[in-house]
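Subject: Structure handover

Dear colleague,

I am passing on the structure that we talked about, with the sequence alongside it. Please open both before you read my notes, which follow below.

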Amino acid sequence: MKRNLIPIIMMLVSGFISCLFTMARGESLLFRMTALLGSMLLFYGLGCVLCGVLNRFDRENEERLAAEMALSEEASEGETDAVTTE
């Protein structure tokens, strides 16, 4: 699943749940709409934060993997140089 869809899905699900709860409680239309707007904005923001954290972890993992690959390549080159000089 693409990560840019996470905030949108979280927002829609929270809006659906908010609608169900406010309708079940018999709240006024104005309260329903403000609760819907508030929950959708809140969960959209949380989804964006979650995507940012996941992207940061991926970036750090890629950097760590690249550093390990470079280290292993240097080690293997050092071993081949030692074998050829003997």
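The accessible surface of the protein comes to about 6,900 Å², and 68% of this belongs to carbon and sulfur atoms; accessible areas come from the Shrake-Rupley method with a 1.4 Å probe, and for residues only the protein chains shown count as cover. Please keep in mind that this is a predicted model, in which local features need pLDDT of at least 70 and side-chain atom pairs count only at pLDDT 80 or more, while totals for chains, interfaces and linings use all residues. Residues are numbered from 1 along each chain as its sequence is written, and side-chain values use heavy atoms, with hydrogens and water left out.

The protein has two helices and zero strands, where helices (H or I, at least four residues) and strands (E, at least two) are DSSP runs numbered from the N terminus. Of its 86 residues, 12% count as buried, which is to say under 20% relative accessible area, with exposed being over 50% and partly exposed in between (1.4 Å probe, protein chains only). Among contacts with a separation of 6 or more, 73% are accounted for by residues 24 or more positions apart, a contact being heavy atoms within 4.5 Å.

On the surface there is a nonpolar patch with about 940 Å² of accessible area together, whose members include Leu 5, Phe 16, Phe 21 and Tyr 44. Such patches are made of residues with over 30% relative accessible area and no salt bridge, like charges being joined within 9 Å and nonpolar side chains (Val, Leu, Ile, Met, Phe, Trp, Tyr) within 5 Å; a salt bridge is a side-chain nitrogen of Lys or Arg within 4 Å of a carboxyl oxygen of Asp or Glu. Helix α1 (residues 6-25) gives the most to the patch, with eight residues, and Phe 16, which lies in helix α1, counts as exposed because its relative accessibility is 54%.

Ser 39, in helix α2 (residues 29-85), counts as buried at 15% relative accessibility, and, leaving aside residues up to four places away in sequence, Ser 39 touches Ser 14, Gly 15 and Ser 18.

As for the cysteines, the count of disulfides comes to zero, a disulfide being a pair of cysteine sulfur atoms within 2.5 Å. The sulfur of Cys 48 has its closest cysteine sulfur in Cys 51, and the 6.6 Å between them is too far for a bond; Cys 48 is partly exposed, at 34% relative accessibility.

With best wishes
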